[in-house]
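Please read them with the coordinates open.

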Amino acid sequence: MSAVLHNPLELPADLPVPVDDGGARHLAGMAWPDIALPATDGAAVNLSGAPGRTIVYAYPRTGRPGEALPAGWDAIPGARGCTPQSCGFRDHFAALKGLGVAQLYGLSTQERDDQREVAQRLHLPFGLLSDARLEIQRALRLPTFAVEGMTLLKRLTMVLDDGTITKVFYPVFPPDRSAADVIAWLQAGD
C-alpha cells in the first residue's frame, strides 16, 4: 500500500464521528496526579497543584506537512484533526484567558521533539506536554487506541480547577471546534 501524503490543516469532509465509549466517564472529580511532564519550552510541568483554571486538551498525534499518515488514519474515529484542534486553541487563546483560564496545555504521547516542531510551526502561545512514558495516561486511565505500534490518546479536553478535573469534553468532534466548545461552556457559566 502506498503512503498517502496530507495537509494537516485540512479535515476531510467524510471523517468518521467518534462515539462516547465511556472511556472518560470516571475523570470528573479526579485529582491530577503528582507527575511532572516535559513541556515544549523545556520546563517540567506538574499540574497537580496548579492554581486556578487549567485547560488540557489531549490529542493522538500531530502530523507534519508532506509526511505520510499512519495506515488507515482517516478511518479511525477521532484520530484526524490534531493540527486544526491546536490551531483552534491558538486562535482562541486570548478569549480563553479573558474567560479566566490561567493555563492551557496540549497533551499527547509524542516525544517532546515532535511537539516542539509543531509548537514552533503553528506558533502556539502555550505549551504542549509529552506523556511519552504514559505516566498520566496510566494514572488517570485516559482512553487510548493503538496504531502502528504507537499508543495514542483519544481526543478529549479536561478542565481543571486547582488541580482537580471538573469538566471533561469527550468525545471531541469536530476537532477544529474544540476550543469554541470550551469557550461556549465557559460563557454559559459552567
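1. D162 is found in the loop between β8 (156–161) and β9. In this predicted model, D162 has a positive phi of about 50°, although it is not a glycine. Most residues other than glycine have a negative phi. The relative accessibility of D162 is 54%, so this residue counts as exposed, the cut-off being over 50%.

2. H123 also deserves a look at its backbone: phi is positive here, at about 55°, and H123 is not a glycine either. The residue belongs to the loop between α3 (112–121) and β5. With a relative accessible area of 63%, H123 is exposed.

3. P171 sits in the loop that lies between β9 (164–169) and α5 (178–187).

4. A cis peptide bond also joins F173 and P174, with omega about -10°. P174 is placed in the loop between β9 and α5. As background, most peptide bonds are trans. Is S130 buried or exposed? S130 has 5% relative accessibility and so counts as buried, which requires a value under 20%. The residue is part of strand β5 (residues 127–130). Leaving aside residues up to four places away in sequence, S130 touches L37, P38, S108, Q110, E111, R112 and Q115.

5. L152 is placed in strand β7 (residues 150–153). Its relative accessible area is 2%, and L152 is therefore buried. Not counting residues up to four places away in sequence, the contacts of L152 are P60, R61, W73, T109, P143, T144, F145 and V147. L37, which is among the residues that S130 touches, is 115 residues from L152 in sequence, and the C-alpha to C-alpha distance between L152 and L37 is 16 Å.

6. How many salt bridges does the count come to? The count is nine. Three of them are described in the points that follow, including the pair of K154 and D21.

7. The side chains of K154 and D21 meet in a salt bridge, at 2.5 Å from N to O. K154 lies in the loop between β7 and β8, while D21 lies in the segment before β1 (37–38), so this pair ties together parts that are 133 residues apart in sequence. K154 is partly exposed, at a relative accessible area of 24%. D21 is partly exposed as well, at 42%.

8. D20 forms a salt bridge with R25, and the closest N and O atoms are 4.0 Å apart. The rule asks for a nitrogen within 4 Å of a carboxyl oxygen. D20 has a relative accessible area of 44% and is partly exposed, whereas R25, at 64% relative accessibility, counts as exposed.

9. R177 and D181 form a salt bridge in which the closest N and O atoms are 2.9 Å apart. R177 is partly exposed, with a relative accessible area of 45%. D181 is partly exposed too, with a relative accessible area of 25%.

10. How do the axes of helix α1 (residues 82–91) and α5 cross, and within what distance do they come? The two axes come within 7 Å and cross at roughly 45°. The helices α1 and α5 are therefore oblique to each other. On the α1 side the contact is made by Q85, G88 and F89, and on the α5 side by S178, A179 and V182. By class, the contact of α1 with α5 has three nonpolar and three polar residues, and no charged residues.

Key
Residues numbered from 1 in each chain as written. Predicted model: local features only at pLDDT ≥ 70, side-chain atom pairs only at ≥ 80, totals over all residues. Heavy atoms only, no water. Helix = DSSP H or I, 4+ residues; strand = E, 2+ residues; numbered from the N terminus. Buried < 20%, exposed > 50% of the residue type's maximum accessible area, 1.4 Å probe, protein only. Contact = heavy atoms within 4.5 Å. Axes fitted to C-alpha atoms, helices over the stretch in contact; angles between N-to-C directions. Parallel < 35°, antiparallel > 145°, perpendicular 65-115°, else oblique. Nonpolar A, V, L, I, M, F, W, Y, C, P; charged D, E, K, R; others polar.
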